[in-house]
Amino acid sequence: MSSSSNRHGGDGGEVRASHILVKHQGSRRKASWKDPEGQVIKNTTRDSAVSQLKAFRDDIVSGKAKFEDIASRFSDCSSAKRAGDLGPFGRGQMQKPFEEATYALKVGEISDIVDTDSGVHIIMRTG
């Protein structure tokens with residue numbers, strides 16, 4: 001019962017990932033659980049969002065911070081309440097750049113910055 005992604009195996013099956021999302025002026029929805037009115041998001045440039053994520057990623061990779069802690073506190077996605085966990089998903093369920101980046105990672109790896117219509121992300125493949 002512990003294996004939820006063995007239906008197809010390999011790259012065609014489901015993956016599981018967590019992510020940290022930082023929204024910015026170009027994001028399709030300019031509001032989030034921590035910024036319901038979008039005041040901060042509307043004033044955040046893409047470059048600023050990328051800088052924030054790079055700093056988060058550096059702290060995670062260097063061991064100064066845990067992915068889950070950063071996701072819980074700083075991610076603009078409602079998955080923050082689950083430490084960034086998106087659960088299992090298959091092809092065609094996420095925006096294309098997000099999907100491609102996730103499938104390219106090995107379990108435990110963290111992506112570089114990934115741009116989608118939602119904002120900028122770093123992704124950790126967890127399954």
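1. Phe89 is buried, with a relative accessible area of 2%, and Phe98 is buried too, at 4%. Buried here means under 20% relative accessible area, exposed over 50% and partly exposed in between, with a 1.4 Å probe and protein chains only. The model is a predicted one: local features need pLDDT of at least 70, side-chain atom pairs count only at pLDDT 80 or more, and totals for chains, interfaces and linings use all residues. Residues are numbered from 1 along each chain as its sequence is written, and side-chain values use heavy atoms, with hydrogens and water left out.

2. Two aromatic pairs are counted. In one of them, the ring centres of Phe89 and Phe98 are 6.2 Å apart and the planes stand at 50°, so the pair is tilted. The rule pairs rings of Phe, Tyr and Trp (its six-membered ring) if their centres lie within 6.5 Å; planes under 30 degrees apart count as stacked, over 60 as edge-to-face and the rest as tilted.

3. Arg91 lies over the face of Tyr103, at 3.7 Å from the ring centre. The criterion for a charge over a ring is NZ of Lys or CZ of Arg within 6 Å of the ring centre and within 35 degrees of the ring normal.

4. Four strands form an open sheet with antiparallel pairing, in the order β2-β1-β4-β3. β2 (85-89) and β3 (114-116) are the edge strands, each with a single partner, so one side of each has no neighbour in the sheet. From one strand to the next the twist averages 40°. Strands (E, at least two residues) and helices (H or I, at least four) are DSSP runs, numbered from the N terminus; two strands pair if DSSP finds at least two bridges between them.

5. β1 and β4 pair in the antiparallel sense over six bridges, and Ser18 has Met124 of β4 as its bridge partner. Three bridges join β3 to β4 (residues 119-125); there, Asp115 is partnered by Val120. β3 and β4 form a hairpin with two residues between them. Seven of the seven residues of β4 are buried, so this strand is largely enclosed by the rest of the structure.

6. The largest nonpolar core has 14 residues, and those with the most contacts inside it are Ile20, Leu53, Ile60, Phe67 and Ile122. A nonpolar core is a set of buried Ala, Val, Leu, Ile, Met, Phe, Trp, Tyr and Cys residues joined through side-chain atoms within 4.5 Å. β1, α2 (46-62), α3 and β4 each give two or more residues to this core, with α2 giving the most, at five. Ile20 touches residues including Leu53, Phe67, Val120 and Ile122; contact means heavy atoms within 4.5 Å.

7. In helix α4 (residues 96-104), Phe98, Glu99, Ala101, Thr102 and Tyr103 are buried. The buried residues of α4 pack against β1, β2, β3 and β4.

Notes: Axes fitted to C-alpha atoms, helices over the stretch in contact; angles between N-to-C directions. Lists of a residue's contacts leave out its neighbours within four places in sequence.
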